[in-house]
Amino acid sequence: MVVTTDLRLRVRTGYRRRLDPIGDGVVRFGEYVTFIARAVVAIPYTLVHYRKHVIRQIAEMTFGTKSLLSGGGTMGIVLAMSLAAAMMLGVETYRGLQLVGMTSLSGMLAAIANTRELAPVVVAIALAAKVGTGFTAQIGAMRISDEIAALDVMAIRSIPFLATTRMIAAMVCVLPIYMIGLLASYIATRLVVVWYNGESSGTYDYFFHLALTPTDLLYSAIKAVVFAGIVTLVHCSYGYFASGGPEGVGRAAGRALRTSILAIGIFDVVFTFGLWGLVPKIPGLGL
């Protein structure tokens, strides 16, 4: 009888050890989802009560320590990444079309790929790597030093004050560097196709302007702004729930970067199908 009871206890303990990590993961996922929902819902409240802090965050990202637009900051990263990615896009696009004798369509593919996919994804990844990790470290340091608890004691809503303000500021500041990255990708692809491979500049420009529409530019900008909001919320949430001292903050920053890049990939597919449809259409060609 004692042996049977001991065996049952061991079996129950084994099941608990296996199920506890799953339960903890579900609870943690719920915390992150609740955090993001509260941050998004608090946008009107933040604009009314914390508008000065929003302006301060925009100033810091634009000209301050976050270095979103100042030299050597996120703008430099976006510019370099856009140039490199667009050059490879131009090389592979030209090679692929050369196999079927349709290199004249290089301008059309460059306009579609750079606008719809390359520029928004590049700026989002650069924002996550340069600015998002800083958000995680800053808010995580506030968590382990009990500064967030102090805000709650002073009746300051910590999530709108720390996360929503940064989300709004990032969504405002991302547009200039997105435009610069998009322009750099256009220039780089054209240089590769026209200058390096010797394609006719008139043919390239004709199909490029034929395929590029104001609607595509608007949808692309919307993707960039939404990606900036997603990246900011992911990184702020990981910093908000950080624990374990400075080492825990470092782990949170790494996990936040991985999660934000994965979220960018998933939402990029969703937005591409949602904005341009499952069956793509090429303006001006009747396709």
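Predicted model: local features only at pLDDT ≥ 70, side-chain atom pairs only at ≥ 80, totals over all residues.
Which residues form a nonpolar patch on the surface?

Residues are numbered from 1 along each chain as its sequence is written, and side-chain values use heavy atoms, with hydrogens and water left out.

**Figure 1. Overall view of the protein chain, with ten helices and zero strands.** Helices (H or I, at least four residues) and strands (E, at least two) are DSSP runs, numbered from the N terminus. In order from the N terminus, the elements read α-α-α-α-α-α-α-α-α-α. Of the 287 residues, 41% are buried; buried denotes under 20% relative accessible area, exposed over 50%, and partly exposed the range in between (1.4 Å probe, protein chains only). Contact denotes heavy atoms within 4.5 Å. Among contacts between residues at least 6 apart in sequence, 83% join residues at least 24 apart. The chain exposes about 15,100 Å², of which carbon and sulfur atoms supply 69%; accessible areas come from the Shrake-Rupley method with a 1.4 Å probe, and for residues only the protein chains shown count as cover.

**Figure 2. The largest nonpolar core and a second, separate core.** A nonpolar core is a set of buried Ala, Val, Leu, Ile, Met, Phe, Trp, Tyr and Cys residues joined through side-chain atoms within 4.5 Å. The largest has 49 residues, and Val123, Leu162, Val174 and Tyr178 have the most contacts inside it. Two or more residues of this core come from each of helix 1 (2-41), helix 4 (74-99), helix 5 (106-144), helix 6 (147-153), helix 7, helix 8 (201-211) and helix 9 (214-240). Helix 7 gives the largest share, 15 residues. The second core has 14 residues, including Ala124, Val231, Val249 and Ala263. In soluble globular proteins, nonpolar side chains tend to be buried together.

Figure 3. Thr165 belongs to helix 7 (residues 158-196) and is buried, its relative accessible area being 0%.

**Figure 4. Helix 10 and its buried residues.** Helix 10 (residues 245-276) has 32 residues, and the distance from its first C-alpha to its last is 45 Å, close to the 46 Å expected at 1.5 Å a residue. The expected span is 1.5 Å times one less than the number of residues. Buried residues of this helix include Gly248, Val249, Ala252, Ser260, Asp268 and Trp276. The buried residues of helix 10 pack against helix 5 and helix 9. Gly277 follows helix 10 and has a positive phi, near 85 degrees.

**Figure 5. Salt bridges of the model, six by count.** A salt bridge is a side-chain nitrogen of Lys or Arg within 4 Å of a carboxyl oxygen of Asp or Glu. Side chains of opposite charge can pair when their charged atoms come close. Lys223 is buried at 0% relative accessibility, while Glu117 is partly exposed at 26%. Glu117, Lys223 and Asp268 are linked in a network of salt bridges. Asp205 and Arg190 also form a salt bridge (3.0 Å, N to O); Asp205 lies in helix 8 and Arg190 in helix 7, 15 residues apart. Asp205 is partly exposed at 26%, and Arg190 is partly exposed at 31%. Within helix 10, Glu247 and Arg251 are four residues apart, about one turn of the helix, and their side chains meet in a salt bridge (3.2 Å, N to O). Glu247 is exposed at 57%, whereas Arg251 is partly exposed at 39%.

**Figure 6. A nonpolar patch on the surface.** The patch consists of Leu183, Ile187, Leu191, Trp195 and Tyr196, which together have about 640 Å² of accessible area. Patches are made of residues with over 30% relative accessible area and no salt bridge; like charges are joined within 9 Å, and nonpolar side chains (Val, Leu, Ile, Met, Phe, Trp, Tyr) within 5 Å. Ile187 lies in helix 7 and is partly exposed, with a relative accessible area of 45%.
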